[in-house]
Amino acid sequence: MKKLLLAFIITVCTAFILTGCTKSYKEDAQKAVSQYFAAVKEADLEGAKKYCSPNIDNEFDFDSYKQGFQEQFKTMNLDESTRKQTEEFIDYCIRSSIVSYEVGEAEESKDWEDAYTVPVTIQFRDISDIDVETGQVAANQKLQQYVKDNESELEKVYTRQGEDAFEKKIMGDTMGIVLGEMKKLINSQKAEERKAEALVIQKNDQWVISKITVD
């Protein structure tokens, strides 16, 4: 009788422990996804990487998105102050892409062992759909006015300091105008609902995102 009772107690305790672990794992998986999207929404891409495996397969590839912007701005003759403006603008674009997100309940993966799938509903602005030409037209009108208002000063810079200084002054004075018009376009872009799914795995005692797919 004692052996039977002991066996029963062990079985119940084991089941309780396993249930507790499963619940904790699910919460940890969900938390990793929540923290990832929270970091991206703040344009903290380095912070977001803490919740991802090194070889993550991510359809929201914001790293490449940011690098593409940076490469374009590198081709321009910008001083340090203007470069900071462009970096702030890139971060603004990333923050504006994810208007809001909602992380669903984690479920054990059917295809992978020791893994969970976590659904995410995202209100997403696709910045690549922006009508850039409209922004350029609006910016050009203001740029023409800038040149008209500062013609004498610009001529002095060109004459005394050379073409490089002339270009940097124009870029420094007008970059805020151009980026301001681009921000207006971004803000006018309607957000659309996107459904995503994150595959979360355990690695080195930490739950990290291995893959993010988007419908």
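## The loop between β5 and β6

Asp205 is found in the loop between β5 and β6, where strands are DSSP runs of E with at least two residues and helices are runs of H or I with at least four, numbered from the N terminus. This is a predicted model, in which local features need pLDDT of at least 70 and side-chain atom pairs count only at pLDDT 80 or more, while totals for chains, interfaces and linings use all residues. Residues are numbered from 1 along each chain as its sequence is written, and side-chain values use heavy atoms, with hydrogens and water left out.

Phi of Asp205 is near 65°, a positive value in a residue other than glycine, and Asn204, which lies in the loop between β5 and β6 (206-214), has a phi near 55°. Most residues other than glycine have a negative phi. Asp205 is exposed, with a relative accessible area of 76%, and Asn204 counts as exposed at 72%; exposed means over 50% relative accessible area, buried under 20% and partly exposed in between (1.4 Å probe, protein chains only).

## Glu197 in strand β5

Glu197 has its place in strand β5 (residues 192-203), and with a relative accessible area of 41% Glu197 is partly exposed.

## Helix α4

Helix α4 (residues 80-97) has 18 residues, which at 1.5 Å a residue should span 26 Å, and its end C-alpha atoms are 26 Å apart, in agreement with that value; the expected span is 1.5 Å times one less than the number of residues. The buried residues of α4 include Thr82, Thr86, Phe89, Ile90 and Cys93.
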